[in-house]
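Me: Let us look at the pockets of this model. Please show it first.

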Amino acid sequence: MKKIHAHVEEWFQEIEDSEQKQAMQEEITQNLEEKVQDLMRRGKTEEDAINKTIVEFGDISDIKQELGVKGTDNRAAKRKQFGLHLGFSIWGSSLIIALFVFINLYYTPGTIWFVYPTFAVAWWPLVMFYKWLGWK
Amino acid sequence: MIRSDLIRGHLDAIILRLIYEDDRYGYEISKEISLRTQDRFQIKEATLYAVFQRLERKELIESYMGDISHGSKRRYYKITKLGKAYLKETVEEWHEIKEIVNIFMEGL
């Protein structure tokens, strides 16, 4: 039975540590041990039973893939961060534009020049908006 | 043994069906599959636990620790409401797909 435990340990070696991994490793060890005992009850020697169980386990990459998907949490956090950047850029740029509008209308109401800096500043939230879109 | 890649897309539904009937644990499910198919299809454990992980993440099943066996506790799986709805939909879809594929596979 130690052999099963060692094999499971080996299969899971490359997978990043997590609570899920721990739980699954325990579950698989338990289930495989039960399988070995079942096979022995049906007349196989312990060594045969263990070998059969290990061979029939299959390819660990399926599990690796599923456990790897846990990265979605990370992605959600990143997206939230981009959302924050976007919010900041919108606030920041609207304050700057408001300042230009005020200066323009207060000091030089004759010429409308605030449009030029407005276009320049508009790039900032625009870039953030598309970055945010890309993370959806 | 049949080609496992052909059955792969239906594994979620097959396992969901077995959990739908009764709360079950891993080894029980793989035994049940071999038994019902008379060993014509055997699921690999690696695949089985990957499916559990996926179904649990999609909240189609949930797990709980059951009685003690062989010195440690078994993890049982239980279908959720969402799982039942998903299974029902998948079964309907399967009937549709079966009919469509049959149009081309039958009578040859």
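Me: Which helices of chain B each supply at least two residues of the lining of the largest pocket?
Reply: The model is predicted, so local features need pLDDT of at least 70 and side-chain atom pairs 80 or more, while totals for chains, interfaces and linings use all residues. Residues count from 1 along each chain as written, chains are lettered from A and ligands numbered from 1 as written, and side-chain values use heavy atoms, without hydrogens and water. A pocket is an open set of points on a 1 Å grid over the protein atoms alone, where a 1.4 Å probe fits, with protein on both sides within 12 Å along at least five of seven lines; lining residues have an atom within 4 Å of a point. Helices are DSSP runs (H or I, at least four residues), numbered from the N terminus, and the ones asked for are H2, H3 and H5 (81-105).

Me: Which helix gives the most to this lining?
Reply: The largest pocket has 22 lining residues. Trp94(B) is one of those nearest its centre. With 7 residues, the top contributor is H5(B).

Me: How many charged residues line the largest pocket?
Reply: Charged means Asp, Glu, Lys or Arg. The lining has 10 nonpolar and 5 polar residues. The charged number 7.
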